[in-house]
Amino acid sequence: MRLGVTTFGGDGGKSGIGRYIRSLLAAMAKSRGTDHIEMLTDKDERAAFVPEDTKSLDFPGILRHPVGDIAWHQLALPALSLARRYDALFLPAANRRLSVWSPVPTIGTFHDAGIFHLSSKYDRSRHFYLTKVLPRMVRSLDHVLTVSEYSKRDLVEKLGVPAERITVTPLAADRSVYHPVDRKEAAAHVLQRFNVQEPYILYVSRLEHPGKNHVRLIEAYTEAVSSHGVRHQLVLAGSDWSGAEAVHAAAERSSASRSIHFLGFVPEADLPTLYGAADGLVFPSLFEGFGLPVLEAMSCGLPVASSNAASLPEVAGSAALLFDPYDIDAMAHSIASICLDESLSARLRQRGLEWSAQFSWERAAQSTWEVIRRLAK
């Protein structure tokens with residue numbers, strides 16, 4: 001079987017979707033057997049996505065522009081699928097880039113329907129595309145993969161995709177990368193690399209307001225410091241995105257502003273030590289199709305306090321403290337709990353290690369191959 005795979009819409013590997021593409025395709029490449037994979041990718045992003053011993057067709061950077069990218073998917077990709085004689089086509093960022101039609105069986109991963117829950121997330125033109133155009137294209141897929149049962153319900157209820165054409169393939173933390181490390185060595189690396197001293201709590205997410213809920217987190221952290229006696233610093237790891245100016249302004253207003261650190265984008269190579277030196281992860285997002293940092297932190301042995309919104313209770317299970325992301329007092333109490341209650345933190349660490357071990361990229365790759373091979377026949 002010849003499988004074509006696109007990587008467009010993966011943000012060069014610097015987002016959750018990008019990490020999904022990279023991790024899943026690496027696992028798929030190891031389990032492909034006699035099947036052949038050919039990847040269609042941006043030439044500047046090849047190193048981020050293409051596994052070793054995997055062929056690729058590299059395209060110019062102009063396709064990174066949304067208009068050029070969308071046009072290419074409608075006009076060039078169907079013809080290319082025929083010319084390259086693919087038996088199936090896999091679009092791992094199908095909630096961003098899709099074709100109206102395809103001459104070969106096409107499988108796409110739809111990560112989340114966040115636009116239906118956070119209507120202010122995008123400008124008017126993108127909102128129209130995501131709510132009116134994209135759902136029709138999603139329904140044209142031969143099969144849809146998604147990353148959580150929550151997202152599957154959204155696909156059925158909000159986009160009208162038949163449940164029998166949807167397969168849930170949960171994400172995972174790569175345990176060869178994310179695992180407990182020597183605390184002293186990790187702290188020394190974080191101090192040298194980011195000039196941040198322990199103790200600290202961590203939030204790994206791009207700075208997107210209001211969806212990622214940084215402003216309420218900063219307010220809750222300020223309350224935890226002033227009212228609960230928390231002495232930990234707050235470390236925010238993620239690049240500026242839409243609305244980031246509101247997050248920076250909230251930090252400047254905070255009475256604990258000197259203890260709030262913005263690291264910008266953190267390469268994945270630095271994340272295990274950043275997790276390893278932290279005393280906990282706080283994940284207050286208002287909406288997630290999955291929420292991969294929750295599992296990554298658990299795999300590194302961190303206690304986790306997470307929002308109870310969208311898919312996050314499903315991802316965190318009973319291994320995290322859950323709070324209402326709109327309730328600043330509840331969030332502050334959760335922050336204080338993982339910072340000050342050593343007995344609770346120890347229990348959460350153990351639960352997190354056991355829970356996160358149930359997820360694997362190998363299992364996700366196996367499920368993905370099963371769907372692709374079935375449709376290719």
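**A tour of the salt bridges**

Begin by selecting Arg22 and Glu268: their side chains form a salt bridge, at 2.4 Å from N to O (a salt bridge is a side-chain nitrogen of Lys or Arg within 4 Å of a carboxyl oxygen of Asp or Glu). Arg22 sits in helix H1 (residues 16-30) and Glu268 in the loop between strand E10 (260-264) and helix H9 (271-276), so this pair ties together parts that are 246 residues apart in sequence. Helices (H or I, at least four residues) and strands (E, at least two) are DSSP runs, numbered from the N terminus.

A word on what you are viewing: this is a predicted model, where local features need pLDDT of at least 70 and side-chain atom pairs count only at pLDDT 80 or more, while totals for chains, interfaces and linings use all residues. Residues are numbered from 1 along each chain as its sequence is written, and side-chain values use heavy atoms, leaving out hydrogens and water.

Next, select Asp270 and Arg193, whose side chains meet in a salt bridge of 3.0 Å, N to O. Asp270 is in the loop between E10 and H9 and Arg193 in helix H6 (residues 183-194), 77 residues apart. Is Asp270 buried or exposed? Asp270 is buried, at 9% relative accessible area, and Arg193 is partly exposed, at 42% (buried means under 20% relative accessible area, exposed over 50%, partly exposed in between, with a 1.4 Å probe and protein chains only).

Now pick Glu208 and Arg206, joined by a salt bridge of 2.8 Å, N to O; both residues are buried.

Finally, select Arg183, Glu198 and Asp279, which a network of salt bridges links. The structure holds 10 salt bridges.
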